[in-house]
Structure formats: C-alpha cells, structure tokens
Amino acid sequence: MWLPPQYDEPKYRNHKFPVVELLPGYPGSAKAWFGSMKVTQQLEPLMRSGRVAPFILVAPRTNLLAGVDTGCANIPGTVNADSWLSIDVPKMVTDNFRAAPAPANWATAGYSAGAHCAVKLAVAHPDRYRAAVSLSGYNDPIGERNSLAAQSVPLREQNNPYLLLRKAVSPPRIALYLSGESGDGYQAGVALEQIAKAPTTVHVVYLPRSDGGHNMALWRPQVTTVFEWLTVNMGQSHVRGRSTTPLEPSSAGSTHAALASGTASRAGAVRKR
C-alpha cells in the first residue's frame with residue numbers, strides 16, 4: 001500500500017483519491033511492484049508535478065495457495081481469488097483510506113500472469129473498475145499452466161477476458177491498455193481490440209524483441225507511460241484507442257485460436273518475474 005504525496009496535504013484533506021491495484025506475475029511477490037518495478041520512485045515526482053494523477057497504489061497478496069496460481073479466479077470449494085481482489089481488497093481500502101469508491105476511480109495493472117488478471121477483472125467487473133493495464137499478458141488462462149483456472153475448459157472459458165468481452169450483452173465502459181512482444185502479449189491485445197465495441201476502448205502497443213523479454217527489464221520502463229495513460233483514460237474512455245503500427249505482422253504466423261488466447265509462441269518466452 002502506498003499513498004500519493006498529496007494525501008497528507010491540508011488542501012486535500014477532504015479529497016478522495018483514485019486507486020490502482022498492482023498485480024505481479026506468478027509466482028512473484030506483491031512487493032515486486034514497489035521493489036523491482038520501482039513504481040513509487042518513478043511516479044512520485046510525476047505526481048508532484050501533476051503529470052500523473054495522485055493514485056493510491058495497492059499491491060494485494062495474490063499467492064493465496066501454495067504452489068499454484070489462482071488465476072485470480074473463484075474456484076468452487078478451493079479459493080475465491082476473484083472476490084478477494086475485486087470485493088474484499090477495495091472494501092478494505094475504502095474503509096481505511098480516502099479512496100474514491102466509484103468504479104470510474106479504480107483500475108488494475110499487472111505484468112505476465114498479473115496482466116491476465118488485471119484485464120480479466122476489469123472485463124468481468126466493469127461495475128468495479130474503469131481501466132486495466134496488461135504488460136505481456138494473455139487471455140486464455142492456459143498461458144500459465146500452473147493456474148487453477150486452466151484446469152478445465154469451463155474454468156478457462158469463464159476466466160478468459162476475450163470470451164467474456166465477446167459474450168458481453170452490452171459492451172462494458174472500460175479502457176484497456178495492452179503491450180507486448182509478438183507471441184508474448186501483443187496478439188492478446190490485438191484480439192481484444194478486434195472485438196471491442198464502444199464504449200469499450202483498447203489501446204495496443206507493439207514492443208520489438210530488441211526491447212527485452214518476458215522480464216522486469218521490459219516492464220519497468222513502461223511504468224511512466226501506462227500511468228500517464230491511466231491519468232487520461234480513467235473516466236474518459238469514450239474515444240476509441242488505436243494500435244501502435246507493428247514492426248512485423250501482428251499474427252506472427254499464429255492461428256485465429258492462438259490470437260484469441262494470446263498464447264501464440266508463448267512457450268518461447270523467457271519467464272522471469
């Protein structure tokens with residue numbers, strides 16, 4: 001938990017702040033955003049200058065069971081990870097801090113397995129979140145084979161943001177930001193962008209292989225950019241985003257199913273968290 005520099009200033013004593021839930025990869029620690037990702041060191045000066053909104057940052061525990069990834073899912077009889085993140089954590093924050101409770105003031109952000117969770121939570125609960133950031137994520141939970149949500153076809157379908165968005169009766173009022181390399185996050189974003197309908201907006205950023213790999217060296221430099229995007233888009237998601245022009249074909253030889261799942265060529269990714 002981290003409070004923005006404005007939180008204790010007298011002129012903000014009656015102000016309620018927007019919140020971003022920060023989700024790590026698996027089996028990473030919730031502390032990684034404040035450690036290896038250096039989120040507060042990067043954002044504090046930008047918040048002071050007004051370039052980035054003064055967000056409350058919350059990094060909830062996601063390793064709720066030993067040795068498995070919950071997939072941020074509710075698994076009957078096993079774990080209620082979705083409810084923990086989307087109901088319990090927000091309640092604890094709003095009960096104890098000056099956090100704005102309306103969904104327009106809440107967002108999720110994650111990398112790797114946390115990126116999948118961030119988008120899934122926003123798509124599944126537009127009544128609780130307005131925006132989500134995905135860094136090298138995937139849509140189909142099978143992208144993390146240790147995920148409980150990947151253990152059956154029904155669970156995979158229930159926790160796949162691509163399928164949830166495609167089946168939504170009404171397009172949710174959410175804004176999504178997805179970045180990744182070909183075969184590691186980019187196709188997942190393209191798939192969501194292709195099916196999104198207003199007021200849903202999807203902004204996809206292609207990252208060349210030369211930028212790094214599936215690791216902190218790729219994700220850490222994106223912190224400033226994604227929080228500037230969150231500043232602009234939270235509550236202002238009526239303008240449809242557009243993809244960054246790819247430097248190579250977006251499909252990268254993938255099938256339609258692989259595009260939809262976001263797992264194309266993922267086996268080749270180096271997975272460091």
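# Aromatic pairs, a disulfide and a buried strand residue

User: Are Y7 and F17 buried or exposed?
Analyst: In this predicted model, local features need pLDDT of at least 70, side-chain atom pairs count only at pLDDT 80 or more, and totals for chains, interfaces and linings use all residues. Residues are numbered from 1 along each chain as its sequence is written, and side-chain values use heavy atoms, without hydrogens and water. Buried is under 20% relative accessible area, exposed over 50%, partly exposed in between (1.4 Å probe, protein chains only). Y7 and F17 are both buried.

User: How many aromatic pairs does the structure hold?
Analyst: Rings of Phe, Tyr and Trp (its six-membered ring) pair with centres within 6.5 Å; planes under 30 degrees apart are stacked, over 60 edge-to-face, the rest tilted. The structure has seven such pairs.

User: What is the angle between the planes of Y7 and F17?
Analyst: Y7 and F17 form an aromatic pair with 5.4 Å centre to centre.

User: Where in the chain do Y7 and F17 lie?
Analyst: Helices (H or I, at least four residues) and strands (E, at least two) are DSSP runs, numbered from the N terminus. The pair links distant parts of the chain, with Y7 and F17 ten residues apart. Y7 and F17 each lie in the segment before β1 (19-23).

User: Which residues do ring pairs link into a cluster?
Analyst: Ring pairs build a cluster from Y7, Y12 and F17.

User: How is the aromatic pair of Y186 and Y206 oriented?
Analyst: The ring centres of Y186 and Y206 are 5.1 Å apart. An angle of 85° separates their planes. The pair is edge-to-face.

User: How many residues apart in sequence are the parts that Y186 and Y206 tie together?
Analyst: Y186 is in helix α6 (residues 186-195), and Y206 is in strand β8 (residues 201-206). Y186 is buried, as is Y206. The pair therefore ties together parts whose separation in sequence is 20 residues.

User: What is the handedness of the link of C72 and C117?
Analyst: C72 and C117 are both buried. The angle about the S-S bond is 95°. The link is right-handed.

User: How many residues apart in sequence are the parts tied by C72 and C117?
Analyst: C72 sits in the loop between β2 (56-58) and β3 (74-75), while C117 belongs to helix α3. The pair therefore ties together parts with a separation in sequence of 45 residues.

User: How many of the twelve residues of α3 are buried?
Analyst: Buried residues of α3 include H116, C117, K120 and L121. The helix is largely enclosed by the rest of the structure, because the buried count is eleven of twelve.

User: What is the relative accessible area of L57?
Analyst: L57 is part of strand β2. Its contacts (heavy atoms within 4.5 Å) beyond neighbours within four places in sequence include M1, W2, V20, F34 and F227. The C-alpha atoms of L57 and W2 are 5.1 Å apart, although 55 residues separate them along the chain. L57 is buried, with a relative accessible area of 0%.

User: What share of the 273 residues is buried?
Analyst: The protein has nine helices and eight strands. Of its contacts with a separation of 6 or more, 76% come from residues 24 or more positions apart. Buried residues make up 56%.

Definitions and conventions:
Disulfide = S-S within 2.5 Å.
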